[in-house]
Amino acid sequence: MKTYKIAAIPADGIGPEVIDAGAQVLAALEKREETLSFDLTTFHWGSDYYKKTGVMMPEDGLDQLKPFDAIYFGAVGAPDVPDHITLWGLRLPICQGFDQYANVRPTRIIPGVASPLRGVEAGDLDWVIVRENSEGEYSGHGGRAHRGLPEEVGTEVSIFTRVGVTRIMRYAFDLARSRPRKLLTVVTKSNAQRFGMVMWDEIAAEVAQDYPDVTWDKMLVDAMTVRMVKTPQSLDTIVATNLHADILSDLAGALAGSLGVAPTANIDPERRFPSMFEPIHGSAFDITGKGIANPVASFWTASQMLDHLGEGAASARLMRAVEKVCADGIVTPDVGGTATTQQVTDAVCEAIRSEN
Ligand code: NAI
Ligand code: MG
């Protein structure tokens, strides 16, 4: 029997709703797979904690998380706390402190979930976006001077390092190689941004030499949005900077039917620290407390977590259950259904229990 210690950080908005749903599904899996169990510890950090203490997590937060096998994260963001405080106070310190430099975002159309693209069905859109997660445009470099005066300046400096770009490129080529099509698209903006982005292109070409079996091409990020919409079939694995991939993956989620189904994994490929798994959506104030948050992204990221832990069979079982329930039309309103979060969760648990 293998027991995994999971740190759950539900945080804000619908985060607690979808993490609770995920915990139920993990419990159902644990009953089904005799060799597997989960020891979930919940950390009540986030915006409410901030309002009481002035910080989003305790000062020794990372030390508390470090002994865990993985982190299962909900969402951060509250209407009455500035977004840069919530993000930089909780999620980014974990990503950066644990050097989770590979952010992996699979997107595909799940049977039963309609794409807004005409004529595009399950099978036509099956991508994994790899987002550089430690530097680039979100490295936190920059500053403000002469605040409030007419001559005020704000700078936001993108940092690209050879080490950072090479390691994410290798990760992306490895991932592309592991998928049937062995196809990688490298996204930059190296026409307008002449330094860091040109270095990306050069490093991509260097790393590609070690992967003769992977077919790869380059796209400028603006043209990439067009290709994603017009010929989704032409793409498979995609690698891009922190900012570009952030934007492209929201688009990908929408094209696959809803942000509510899109998962993400923040991975430390060297396994020095726990990796973190989360839905890509935010705290969704507009539907918080209504019991209708789509839990599929939360289930899908749990399946990424199982893969990372080496539990491929349980991960596949979970995704089969999710796909069956969606195909049966038991889905939440964001994807055109009438089911509640709990009804979807019950159906997925039942599918896990009853699968032959
Ligand atoms: P959002 O992702 O929270 O919501 C965007 C839209 O998608 C809303 O209409 C929402 O109802 C819908 N939606 C999102 N997840 C859904 C789900 N599971 N089921 C059904 N519908 C869903 O993004 P928004 O509104 O831009 O941001 C709200 C807050 O979340 C902000 O404070 C923002 O900073 C934060 N945020 C946090 C993220 C994180 O923790 N990783 C990511 C994105 C935003
Ligand atoms: Mg985003």
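Predicted model: local features only at pLDDT ≥ 70, side-chain atom pairs only at ≥ 80, totals over all residues.

Trainee: Which residues make up domain 1 and domain 2?

Mentor: The domain assignment puts 1–100 + 269–356 in domain 1, and 126–144 + 153–255 in domain 2.

Trainee: And how many residues does each domain put into the contact?

Mentor: Domain 1 gives six residues and domain 2 gives five. On the domain 1 side, the ones touching domain 2 are three nonpolar, two polar and one charged.

Trainee: What does UniProt place at residues 5–348?

Mentor: The unreviewed entry there has the feature "domain: Isopropylmalate dehydrogenase-like". Over residues 5–348 the chain is 40% helix and 22% strand, with the end C-alpha atoms 23 Å apart.

Trainee: OK, packing. How many residues are in the largest nonpolar core?

Mentor: That core has 104 residues, and Val25, Ile71, Tyr72, Val239, Leu318 and Val348 have the most contacts inside it. Helix H1 (residues 15–32) supplies the largest share, eight residues.

Trainee: Which domains does the core draw on?

Mentor: At least three of its residues come from domain 1 (1–100 + 269–356), and at least three from domain 2 (126–144 + 153–255).

Trainee: Let's zoom in on Tyr72. What is Tyr72 in contact with, leaving aside neighbours within four places in sequence?

Mentor: Ile6, Ala8, Ile19, Gly22, Phe277, Ala302 and Met305.

Trainee: Met305, noted. How far is the C-alpha atom of Met305 from that of Thr53?

Mentor: Those two C-alpha atoms are separated by 31 Å, and the residues are 252 apart along the chain. Thr53 itself sits in helix H2 (residues 47–53).

Trainee: Is Thr53 buried or exposed?

Mentor: Exposed, because Thr53 has 11 C-beta neighbours inside 10 Å and the cut-off for exposed is 12 or fewer.

Trainee: Now Ile129. Where does Ile129 lie, and is Ile129 buried or exposed?

Mentor: Ile129 is in strand S5 (residues 126–132). Ile129 counts as buried because 29 C-beta neighbours lie inside 10 Å.

Trainee: So what is Ile129 in contact with, again skipping neighbours within four places in sequence?

Mentor: Arg105, Thr107, Ile238, Ala245, Leu248, Ser249 and Ala252. Cys349 is 220 residues away from Ile129 along the chain, with 28 Å between their C-alpha atoms.

Trainee: Where is Lys182?

Mentor: In the loop between helix H5 (162–178) and strand S8 (183–188). Lys182 is partly exposed because 16 other C-beta atoms lie within 10 Å.

Trainee: And what about phi of Arg271?

Mentor: Phi of Arg271 is near 60°, a positive value as well. Arg271 is in the loop between strand S11 (263–267) and strand S12 (275–279). With 10 other C-beta atoms within 10 Å, Arg271 is exposed.

Trainee: Last topic, the ligand. Which residues come nearest to ligand 1?

Mentor: Of the 22 residues around ligand 1, Gly77, Gly260, His281, Gly282 and Asn294 come nearest.

Trainee: What does the shell around ligand 1 look like by class?

Mentor: Ten nonpolar, seven polar and five charged residues.

Conventions. Residues numbered from 1 in each chain as written. Chains lettered and ligands numbered in written order. Domains from an automatic or database assignment. Contact = placed C-beta atoms within 7 Å. Nonpolar A, V, L, I, M, F, W, Y, C, P; charged D, E, K, R; others polar. Core = buried A, V, L, I, M, F, W, Y, C linked by C-beta atoms within 7 Å. Buried ≥ 20, exposed ≤ 12 C-beta atoms within 10 Å, placed from the backbone. Helix = DSSP H or I, 4+ residues; strand = E, 2+ residues; numbered from the N terminus. Near = placed C-beta within 6 Å. UniProt positions renumbered as here; feature names shortened; annotations may be inferred.
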